[in-house]
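Here is a short briefing for a first look at this structure.

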Amino acid sequence: MAAARALRRVLDFLYLAGGVIAAVFLILILVIIVLQMLARWTGQVFPGATDYAGYCMAGASFFAFAYALNHGAHIRVSLLLSALGRRRRWAELWCFAIGTLITSWMAWYAVKGTYVSWRWKELSQGLDATPIWIPQLSMSAGTILLAVAFWDHLVRLVFTGDHGITTDLVDQSHAE
Amino acid sequence: MEQLIPIGIFLFVLFLLLGSGVWVGLALMGVAYVGMDLFTSRPAGDAMITKVWTSTSSWTLTALPLFIWMGEILFRTRLSEDMFKGLSPWMARLPGGLVHTNIVGCTVFAAVSGSSAATLTTVGKMSIPELRRRNYPERMVIGTLAGAATLGLMIPPSLTLIVYGVTINESITKLFMAGVFPGLVLAAMFMAYVAIVSQVSKSFDPSPEPPMSFVEKLKNSRYLIPVICLILVVIGSMYMGYATATEAAAFGVIGGLILAASQGSLSWATFTDSLMGAVRTSAMIALILAGASFLSLSMGFTGLPRGLADLIASLELSRFELLMALLVFYIVLGMFLDGISSVVLTMAVVEPMIRQAGIDIIWFGIFIVVVVEMAQITPPIGFNLFVLQGMTGHEMTFIARAAIPMFLIMVVMVFVLIAFPELATWLPDNIRQGPAG
Amino acid sequence: AQAEKWDMPMAYAATNFHSEVGANFAKCVTDGTGGKLEIVTHPSGSLFAGNEIKRAVQTGQANIGERLLSAHQNENPIYGVDSIPFLVSSFDEHEKLWDIAEPYVVKALDEDNLHYLYSVPWPPQGLYFKKEVNSVADMKGIKFRSYNTATARMAELTGMLPVQVEAAELSQALATGVAESFISSGATGYDRKVWEHLTHFYEVDAWLPRNAVFVNKDAWNGLDDATKKVMEDCAAKAEAEGLQRSKDYTQFTLDGLRKGGMTVQRAGDQLMKELKAIGAQMTEEWLAKAGPDGKAIVDAYKAAN
Ligand code: NA
Ligand code: NA
């Protein structure tokens, strides 16, 4: 039981850390864009700025996938789910099973895709000439984290009947 | 017609996954996978990740999370409250009252941003709580927002028009100019609809605003100054050449932070709340975009959109019939694809048809924008529906139904464009475009 | 063997001459094999976008595709052999260089799991400005759109201010003055209707970048000899057709720029001499990156002249 609790804490920490890393990437987008404008106005060059901003965009997206899932931010058509009432659990099981399948598939190919970029020494086509596998690490890490989150919720759903996702977005907007 | 069975399977999987409650982005992934599996022997997983990576690591996309962040910051300041304080004394007497702020807000913000998702989140974040507080009918609030936010695509700058212009080698400046009047006309049509419904519908019964003298109204207008400044800074940065359309979003965020600080509502908590809120919303949109990009690839491999366009080309229709056929075609396509993908996937076949029929290609760009706008609000795959669901927590069906009148208005808009083509062509034809300087 | 269908992603609009040549090539192969191998072109980046195409073909996500080779010169400087500024200054000189360089490019592509079929040059690259320019000194301080290492370096050497602007934002950047100058073919300026913002086009024939069509090597090896032969014949035809159309199109677009109201002329002697000097320096810099293969190409080219 203690092991389970420790695992729970580690996983929750990881999801939150993903969200925080994504937030840092979002701030970096802003910083890079501002630096690029400053550079242009003062006759300087910031080579590869647009490429770096693009990589940060990927980081801000991928790292946040799991975090967004746990906060119920990823949207779904829940009409059928609500209509099912007490039998909702079976439909949820189906959704989480499909979600786990697809995200695991994505994570597998994200890792493979990153490996392929490394294997073929693929370089960015822009001014930055970055080896593309480096920014793609965020894709691998983020999709793995999302797949882990889905496995996590699926297991919880099977054993406790509750997937553990709380939606705070709705509360927030309905509270007004 | 040997393709009927695979098409049937494709549609069945789409409705099964979306309808049963699988997360939208993942459902699109699943459908795209099935499409790849049915129609091509290419490795689906590798192709998927190629598309996912380019669609999420794109420079032009960076404007989206920044505008969303700006919306989150403004939402946490007194700005939206102030804006309504300034506007409500003037607009409360209009038939339709403050619902017009949705439309006017979207029209103004459309001049700032090239995407409808950014327009929707920024305006909606501010207007929904204020309108709800005043007891405006929810369906009206959501519907007008879903519809008016699509003006982001028509009023320049516009991502759709850039993609269209690059695809067919036409002047993007001309296309931008062509979008101005139709955008304003469409906004006016939305407002007229609101005005009419407010008079006819019994459920339209907002809380009355306190009466005010003219001088008080004027005095209250000072609350509008900050938001007007912010909009001027963002638009100005673009048209004065300080920033590209993508970079202007950065002005928005910084301006929002400065406004919040000047009102004393910028604390560490509001800063992190706005930041994490933006992270969640943009992650949600990014996952759907990733799924949509893979679906678009899958559709390209299936050859369906092009096959359908070929079919229309083979019918040898008159000019009006052709436009009607294309209208239906793009409405159907728009139910399943995002607008930009349906333009890119079909233009190779549609462009020669249009040129051959003697239809003005700039005018057709605006026609395309209207149908792409419709695609944003038609289920099962409609981007504005998704974003509004994320924002309000309403069921997709509720939002889609609320948006039906807006959809119909856009259909009317197509006929207005056909009847008065000058709406789109006058400005680009009459502003002299000789060499600068 | 049963009939096969190959999807061919292409980056440029369906009406671009490269795409039309590609479509003719596809038809030639389909007809030539009696439908045994059908090639379907997907222009406008509608299947894979330009920057995805090389990887997509390399890894078999598509069996065949067309890509602007020099976009990949970060990976291998040999891919940039067609884009060394001011090394060649006409279609004929360019073709001479390409004859020498082609085997090296074929080898480089082979190492990337790609079988080279044919390539077609774009019209020569010229300079767009908002004012009359007669010398490098006149260019000082102008905001110059750069999109890769070579164009950024060129800005630096000519004293212009490089601003990074993506292709999608070019028109808007010109309209708002974010960029005031750029280097590209007359075709780009014609397609984008650049006369709305700029006034002068100088034919400097800086370089002629090429679009190459290549096949996934495993897919190529899986073809029977008869099919390979058909493909190679069609490729040779496409290459000849493409070169001729590129030449015709050059004149057409320059006339188009003139009709749009731009001043279109060859660069003056002084400007040309100064640009050539910059070109010589950039050739040296390219050679330092491109190693013995690069040196062999440039030496052979200079010896042939
Ligand atoms: Na806009
Ligand atoms: Na739709």
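Predicted model: local features only at pLDDT ≥ 70, side-chain atom pairs only at ≥ 80, totals over all residues.

Residues are numbered from 1 along each chain as its sequence is written, chains are lettered from A and ligands numbered from 1 in the order in which they are written, and side-chain values use heavy atoms, with hydrogens and water left out.

**Chain C against chain A**

- The contact (heavy atoms within 4.5 Å) takes 22 residues from chain C and 23 residues from chain A.
- The two chains bury about 1,700 Å² between them, with 52% of it on carbon and sulfur atoms. Buried area is the accessible area (1.4 Å probe) that two parts lose on being put together, summed over both.
- One salt bridge is counted between chain C and chain A. The term means a side-chain nitrogen of Lys or Arg within 4 Å of a carboxyl oxygen of Asp or Glu.
- Glu122(A) and Arg55(C) form a salt bridge, their closest N and O atoms being 3.2 Å apart.
- On the side of chain C that touches chain A, the elements giving two or more residues are α2, α4 (149-158) and β7 (161-164) of chain C. Helices (H or I, at least four residues) and strands (E, at least two) are DSSP runs, numbered from the N terminus.
- β7(C) gives the largest share of that side, four residues.
- By class, that side of chain C has six nonpolar, ten polar and six charged residues. Here Ala, Val, Leu, Ile, Met, Phe, Trp, Tyr, Cys and Pro count as nonpolar, Asp, Glu, Lys and Arg as charged, and the others, Gly among them, as polar.

**Chain A against chain B**

- Chain A puts 63 residues into the contact, and chain B puts in 65 residues.
- The buried area is about 5,600 Å², and carbon and sulfur atoms give 75% of it.
- The rule finds two salt bridges across this interface.
- Arg40(A) and Glu247(B) meet through their side chains in a salt bridge (2.8 Å, N to O).
- Asp46(B) and Lys112(A) also meet in a salt bridge (3.0 Å, N to O). This pair runs from helix α3 (residues 44-56) of chain B to helix α5 of chain A.
- Ten residue pairs are in polar contact across the interface, both residues at pLDDT 80 or more.
- Seen from chain A, the elements giving two or more residues to the side that touches chain B include α1 (2-41) and α5 (88-119).
- The largest share of that side, 14 residues, comes from α1(A).
- The residues of that side divide into 42 nonpolar, 17 polar and four charged.

**Sheets of chain C**

- Three strands form an open, antiparallel sheet in the order β3-β10-β4 (chain C). Strands pair if DSSP finds at least two bridges between them.
- Its edge strands are β3 (64-68) and β4 (114-121) of chain C.
- β3(C) pairs with β10 (residues 210-216) of chain C over five bridges. Arg67(C) has Ala212(C) in β10(C) as its bridge partner.
- Helix α2 (residues 50-58) of chain C packs on this sheet, at about 140 degrees to β3(C). Axes are lines fitted to C-alpha atoms, for helices over the stretch in contact, and angles run from 0 to 180 degrees between N-to-C directions.
- A six-stranded open sheet has the order β7-β6-β8-β5-β9-β11 (chain C), with mixed pairing.
- α4(C) lies across β5 (125-129), β6, β7 and β8 of chain C.

**Backbone details in chain B**

- The peptide bond from Pro379(B) to Pro380(B) is cis. Pro380(B) sits in the loop between α19 (361-377) and α20 (383-392) of chain B.
- Glu316(B) is not a glycine, yet has a positive phi of about 50 degrees.

Definitions and conventions. Polar contact = N/O pair within 3.5 Å; in protein donor to acceptor, adjacent residues only side chain to side chain.
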